[in-house]
Amino acid sequence: MNIILPAVLIIGGMLSIFYLRPKMQNKTMEMKFMQTKSIAELREMFDNMDNMDLGEDYRQYVELKGNVCSQAPVMTPYSEREVAYCESGLTQVTEVKEQYRDNEGCLKTRVTKRDSPISNEKTSQVIRMKDSTDAGEIVLEIQASGCELDIPKTFDRFEPKNNMSRYGYFSSRSYGRFGADTLGFKMTEKTIELNQKLYVIGEAFLSGGEIHIGKPKDSKKPFIVSTKSEEELINSSDRNALFSLVGGIAAAAAGVALIIYLNI
C-alpha cells in the first residue's frame, strides 16, 4: 500500500509534463501562427474548389473573427433575456438531518446540505457568424463533439424554495413534490449574447452548400469557439502550460521524496 501514493504522484506528474503541457503548447502555437481569414476569402476559396469539382471534399484549417448572427434569439430560462445561445443548469439544494452518537455515546443531530443536479440544458438552434466583409454567414458546429466552447457564466443564483414563483420557468411547477427538506435551487446560465464578438479556430468545409466550421479530422488540432479575444486565449493557455510544468515537476518530486522517506 505504501507504494500507491508515491506512484500516483509520479505518474500524475509525468502525465502533466509530457501529455497535458504539450497539448496546451500545441493549442497556443496554432493560435499564434494562424493567419486570420475573412469570410470573403473563405467563400472565394470554396468557390474556386467548387469550380474544380472539389467543393464538399475540400477542408481547410482556419482562424476567423466576427460576430454571432441571431436569426432566432432564444429566451434564457431564469434571467429571461434574449440571447443567441444558452446553456442552463438547475440544482436542488436539500438539508439532510442525521442522528449519530459521539465518542461519549451521546445522541446528536448533524445537518448536511446536499446538491442534486436536476437539469442541464442547451439550446439547439444553429449558430452562425459573419464579419466585416459582408460576405454572408457561416455555420459554427458548436453542438458537435470536440468543440471547446468557451463562453461566460452570466447568471448564477440561489433562490429559497418559497421565492421560486418569481421565475416564469417555474410557474407551472409544484414545489411540494420536492419535499420539506428542500431549501431552494441553484440556477446558472452560460450564454452567447446577441451580436457577440467571437474568436473561432477550426476546420472549414462545405455541407449542403453552406460553409461550416467544425472539429478537424486531425485530432491534435483544436476546435475553439470563444467569446474571449485571441490574446486572452493565448495568455491563458501559456499560463496553464506553465502551471502544468511546475505542478508536474512538484508532484513527481514529491513522489520520489516520499519513496525515499518510506525507504521502499
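The legends below describe close-up views of a predicted model. Local features need pLDDT of at least 70 and side-chain atom pairs count only at pLDDT 80 or more, while totals for chains, interfaces and linings use all residues. Residues are numbered from 1 along each chain as its sequence is written, and side-chain values use heavy atoms, with hydrogens and water left out.

**View A. Four strands form an open sheet in the order β5-β4-β10-β9, with antiparallel pairing.** Strands are DSSP runs of E, at least two residues long, numbered from the N terminus, and two strands pair if DSSP finds at least two bridges between them. The edges are β5 (107-122) and β9 (153-160); each has a single partner strand, so one side of each lacks a neighbour in the sheet. Ten bridges join β4 (residues 85-101) to the antiparallel β10 (residues 182-192). Gly89 stands opposite Thr188 in β10.

**View B. Phe46 and Tyr58 form an edge-to-face aromatic pair.** Rings of Phe, Tyr and Trp (its six-membered ring) pair if their centres lie within 6.5 Å; planes under 30 degrees apart are stacked, over 60 edge-to-face, and the rest tilted. Here the centres are 5.9 Å apart and the planes are at 75 degrees.

View C. A disulfide is a pair of cysteine sulfur atoms within 2.5 Å. The closest cysteine sulfur to that of Cys147 is in Cys86, 16 Å away, too far for a bond. Cys147 is buried, at 17%.

Technical notes
Buried means under 20% relative accessible area, exposed over 50%, partly exposed in between (1.4 Å probe, protein chains only).
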